[in-house]
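Here are my notes on the model, as numbered points. Please keep the structure open while you read.

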Amino acid sequence: MRLYPAVAAGGFRRYATYGTATAAGVFTNTVFGFIVAYTYIALWGERPGLGGYDQAQALTFVWVSQSLLAAGALIGGGFQEEIQERVRTGDIAVDLYRPADLQMWWLAADMGRAAFQLVGRGVVPLLAGSLVFTLALPDEPVRWLLFLVSVALGLVVSFAVRYLLGMVAFWLMDGSGINMMATVVSIFFSGMLLPLTVFPGGFGEFVRVLPWSAMLQVPVDVLMGKHAGAGGAAEALGFQAGWALVLLGAGRLLQAAATRKVVVQGG
C-alpha cells in the first residue's frame, strides 16, 4: 500500500523540478485568463444571464477553468504521450514486469503530477483574477470542500480517458493523430471555451452528460452552488464517480486485451 503514494510523490517531485516551465505556464494561464475574461464581459454584456450565469459567475468560470487547465491536462501535457512512446519503443515491457498494477501505477503518477499543477499553476491565476474582477467565489468552507472532492473526481475521469488513449497505442503505435483529436474534443466538451450550459436543447443536454463535463463543468458548478443542497451536490459527485468507474473499467478491459499478446517494438 506504500507503493502508490510513493509513486504519486515521485510524480509531484518530478514536475516540481521544472521551475521555469511552471512559471511560464502560470504566466500563460494568467494572460489567457484575462483575454477570455474580457471576451466574456463583452458577451455577457450583450446577453445577460447567458447559460444561467450572471457576469460574476461567468468570470468565475473563466478563472477556475484556468486554475484547473494544467491539472486536468485538458489541452495535453499528461502521461498518455509518454506511455504511447513507451509502447512504440518497447519500454512498456519494463512497466509490465514491475510488481505493480499498470493502471494503478500510472494513476498514482498522474495524480502526483496533477497535484503539483493544481498548486503550482492553479493558485496564482485564480488569485490574479479575483484581484482584478468581481468573482462569485463562496465563503462557505463546505462548498470549497465539495469543490475539492469534485476536482479530485474530475482528475480521475481525465486520467481514465487519457489511459484509454495510451492503451490504443498498442494497436496504432503512433498516437499523435488521436491525441490531436482528443485535445479538440476535450477543449470543446469540457466547457473550456464556453460553459456547457450555454448550449440549448437536446445538444446541450447531450454534451452535459458526456465524461468531459465531469472534468471541468461539474467542479466549477459545484463551487458556485449550481447543484443546490446536499442532494444536488451528491448527484453531481455521483455523476463524476460513475464516469470514473466506467472509464477505469473500460481501461482495464483494454489493458487486458492489449497485454494478452504484446509485440515488443525495437527489440
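1. Phe147 is buried, because its relative accessible area is 7% and the cut-off for buried is under 20%. This is a predicted model, so read every value here as computed from it.

2. Trp144 is partly exposed, with a relative accessible area of 29%. Both residues lie in helix H8, three residues apart, about one turn of the helix. In an α-helix, residues three or four places apart point the same way, because there are 3.6 residues a turn.

3. How many aromatic pairs does a search of the whole structure find? The count is 18. One of them joins Phe34 and Phe133: the ring centres are 5.7 Å apart and the planes stand at 45°, so this pair is tilted. Tilted is what remains between stacked, under 30 degrees, and edge-to-face, over 60.

4. Which parts does the Phe34 and Phe133 pair tie together? Phe34 belongs to helix H2, while Phe133 sits in the loop between H7 and helix H8 (141-172), so the pair links parts that are 99 residues apart in sequence. Phe34 is partly exposed at 23% relative accessible area. Phe133 counts as buried, at 9% relative accessibility.

5. Trp144 and Phe147 are edge-to-face, with 5.9 Å from centre to centre and 85° between the planes.

6. Which residues of H2 are buried? They are Thr22, Gly25, Val26, Asn29, Thr30, Gly33, Val36, Ala37, Tyr40 and Trp44. The cover over these buried residues includes helix H1 (3-16) and helix H3 (55-69). Helix H6 (102-120) and helix H7 (123-132) are also among the covering elements.

7. Now the aromatic cluster. Phe188, Phe189, Phe199, Phe203 and Trp212 form one cluster.

8. What makes up the nonpolar surface patch of about 460 Å²? Its members are Phe188, Leu193, Phe203, Phe206 and Val209.

9. Phe206 counts as partly exposed, because its relative accessibility is 45% and exposed would need over 50%.

Conventions. Residues numbered from 1 in each chain as written. Predicted model: local features only at pLDDT ≥ 70, side-chain atom pairs only at ≥ 80, totals over all residues. Heavy atoms only, no water. Buried < 20%, exposed > 50% of the residue type's maximum accessible area, 1.4 Å probe, protein only. Helix = DSSP H or I, 4+ residues; strand = E, 2+ residues; numbered from the N terminus. Contact = heavy atoms within 4.5 Å. Patch = residues over 30% accessible without salt bridge, like charges linked within 9 Å, V, L, I, M, F, W, Y side chains within 5 Å. Areas by Shrake-Rupley, 256 points an atom, 1.4 Å probe, with all protein chains shown as cover. Salt bridge = Lys/Arg side-chain N within 4 Å of Asp/Glu carboxyl O. Phe/Tyr/Trp six-rings, centres within 6.5 Å; stacked < 30°, edge-to-face > 60°.
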